Amino acid sequence: MDCVAKLASQKAVQGVSPMVHELDEDSMGREIEWALVRLGCNPAVPAVFIGGKFVGSANTVMTLQLNGSLKKMLKDAGAMWL
């Protein structure tokens, strides 16, 4: 997660507004983590949501980037403006 925050702060993800929610800083973090596992995200973090919809793990996001479908998902969700 530190890597994601670092990349976002360096503007490596241009035209996208990432939001990071730290489960270890949330009083309901453990419950949220278990809910993510039930959704199929294993390990539970990092879990990626785009436009309020669960996408999957960081591996899923990398796959979407490599196959060219991530950009469209971000644009469709209004999360990318470039």
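**Exercise 1. Find the salt bridge between Asp 76 and Lys 72 and describe its setting.**

Step 1. The side chains of Asp 76 and Lys 72 form a salt bridge with an N to O distance of 2.6 Å. The term stands for a side-chain nitrogen of Lys or Arg within 4 Å of a carboxyl oxygen of Asp or Glu. The model is predicted: local features need pLDDT of at least 70, side-chain atom pairs count only at pLDDT 80 or more, and totals for chains, interfaces and linings use all residues. Residues are numbered from 1 along each chain as its sequence is written, and side-chain values use heavy atoms, with hydrogens and water left out.

Step 2. Both residues sit in helix H4, four residues apart, so about one helical turn separates them. Helices (H or I, at least four residues) and strands (E, at least two) are DSSP runs, numbered from the N terminus.

Step 3. Asp 76 is exposed at 56% relative accessible area, and Lys 72 is exposed at 53%. Buried means under 20% relative accessible area, exposed over 50%, and partly exposed in between (1.4 Å probe, protein chains only).

**Exercise 2. State the order of the elements and describe how E1 and E2 pair.**

Step 1. The protein has four helices and two strands. Read from the N terminus, the order is α-α-β-β-α-α.

Step 2. Strand E1 (residues 47-50) and E2 run antiparallel and are joined by four bridges. Two strands pair if DSSP finds at least two bridges between them.

Step 3. Val 48 lies opposite Gly 56 in E2. The hairpin has two residues between the strands, and Gly 51 takes a positive phi near 60 degrees.

Step 4. Ser 57 belongs to strand E2 (residues 53-57) and is buried, with a relative accessible area of 18%. Leaving out residues up to four places away in sequence, Ser 57 touches Cys 41, Pro 46 and Val 48; contact means heavy atoms within 4.5 Å.

**Exercise 3. Which residues make up the largest nonpolar core?**

Step 1. A nonpolar core is a set of buried Ala, Val, Leu, Ile, Met, Phe, Trp, Tyr and Cys residues joined through side-chain atoms within 4.5 Å.

Step 2. The largest one has eight residues: Val 16, Ile 50, Val 55, Val 61, Leu 64, Leu 70, Leu 74 and Met 80. Helix H3 (58-66) and helix H4 (70-76) each supply at least two residues of this core.

Step 3. Of the 82 residues of the protein, 20% count as buried.
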